[in-house]
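Q: I have a new model open. How do I read it, step by step?

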Amino acid sequence: MRVLAESADVAKVTACLSNGWEFLSGESRLFDRVYDVALAPQLAEFCYFMPLSELGKAAVGGVAVFIELPDANTIAAHMFGESPPDLHINNLNDACSEACNVLAMCVTLNLATEVDVDIGLPFRADSVVFDQICSTCEPIAIYKCNTLAGQIFVIAYDIANQS
Amino acid sequence: MQTEAIHLSTPLRFLIVDDSRAIQAIIRRAIHHCGYEPIEIETALDGQQGLDIIEKFLPHLVITDWHMPKVSGLEMVQALRQMGHHNMRVGFVTTEKTPALLAEAVSNGAMFILHKPFNDAELVEAVTASILDVINANGSQPVATPAPEKTVGVPVPAPAMQAQLSVAMGAIPFRLIPDDRMVTEKLTPINLLGLYSATDHKGVFAIGLMDANAVCIVGGGVGRLTPAVVRAAMAEGQPTDAMMHNAQDFMRSAAACLTESSVAAPASVSLAKASIVKNSFAKLPEILSQQANRSDFRVSVPGYGEGRIAFFVVAA
């Protein structure tokens, strides 16, 4: 049984994501809903995951944000007000974590669910963690944005086979 | 964004509490854009660190995230109230939108709740409104002293309305969004209409209009009513007598803003009459169709909701 389901108002989610990306990067970009699950990335240089749980209970899923290095540089430069060559890796991680916070909330706030969802803190998902996520969760909504440097993905997951 | 520095006799102290150094950097920039000098800014990565710093630093304003490791923003605010810092100004910058939680922040004295994503101007506006009383008490002196500019055709400048609402709402956080035009289709079934007179002007000088939601929000805010009471009145479209009374008082006090009007700049403006009108009132379409010499605002209070206020200078 699924606890989380995608919002019926896709336009509201994509508008929120675009607004969020502009806040993070200073760039105006459009997000689109992607319906081909095969297009979901297997990992990215910066993959952050915001876990979701039923209030006071077990995990129900989460939202992952996938960002490649050039876009990580873009948002870190914008947020810290520094040029990319001066950016420390910690600042890239910090900016991508905040990107996960802002973008994942756009999806989370618009999920269709009958439970009170508790939002966890974003954490970086390396290949091991991401494999665990993929083995226990299935994507319920994929959003994509084309940037000058590549693509940003935001994917909502529901923990499969919850009883 | 910053147009002039405001020199203060003592440093203005800010504490930024956020587990993201990136957001700390954004907030720090916005504080600098406010133009206050001198300022001191401290940062903390979670609520526990924030509490430790508060004890020694005694900030004039704490700007905090909500979701943080160890101690959340709300827990930090609750703790600092318990520690005796009942009047310390606190504002939230967060992605949290759960109404019950936001109401809890308001009840703990949050002066503003700004949702990410936001733009610098919104944060500057929130910070400025939150520390208005500190600035006024601090003997601020603008370094550059150009003659105050009055924007052409603006009966009520946004900063004047912001200040007036700050006085009325006290510690209740609100956002004032200028230039959101009031139109006939958005009127509520009943509305509060005020007629202003001015020295040296015959007849009606200006008209003020608050929709029922604004009456509930401002009237409820002045009365420090709970969000549930205000929302119930808004849902019914029927402000209570107390809300109506408070809203009329607010409309009366807003006359002071009209003396800052760039339209005619009268020496004295006063509210001559305030009355409830239905949205079918024949004069309303004519008033609302006025293109110039008007100031439109949307006021938003976390936990309460949103309402609309507009002022129209009608004197020739």
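The dialogue below goes from the chain to one helix and the chain contact.

Q: Which elements does chain A have, and how do they run?
A: Keep in mind that this is a predicted model. Start with a count: chain A has four helices and seven strands. Then read the order from the N terminus: α-β-β-β-α-α-β-β-α-β-β.

Q: How many of the residues of chain A count as buried?
A: Of its 163 residues, 43% do. Among contacts in chain A with a separation of 6 or more, 69% join residues 24 or more positions apart.

Q: What span does α2(A) reach, and what is expected?
A: Compare the end-to-end distance with 1.5 Å a residue. The 12 residues of α2(A) reach 16 Å between first and last C-alpha, close to the expected 16 Å. Just past the helix, Gly81(A) has a positive phi of about 70°.

Q: Which residues of α2(A) are buried, and what covers them?
A: The buried ones include Ala72(A), Ile75(A), Met79(A) and Phe80(A). Asp71(A) and Thr74(A) are buried as well. Their cover includes α1, β2, β3, α3 and β7 of chain A. α1 (21–33) of chain B is also part of that cover.

Definitions and conventions
Residues are numbered from 1 along each chain as its sequence is written. Chains are lettered from A and ligands numbered from 1 in the order in which they are written. This is a predicted model: local features need pLDDT of at least 70, side-chain atom pairs count only at pLDDT 80 or more; totals for chains, interfaces and linings use all residues. Helices (H or I, at least four residues) and strands (E, at least two) are DSSP runs, numbered from the N terminus. A residue is buried if 20 or more other C-beta atoms lie within 10 Å of its own, exposed if 12 or fewer, and partly exposed in between; C-beta atoms are placed from the backbone. Two residues are in contact if their C-beta atoms, placed from the backbone, lie within 7 Å. The expected span of a helix is 1.5 Å times one less than its number of residues.
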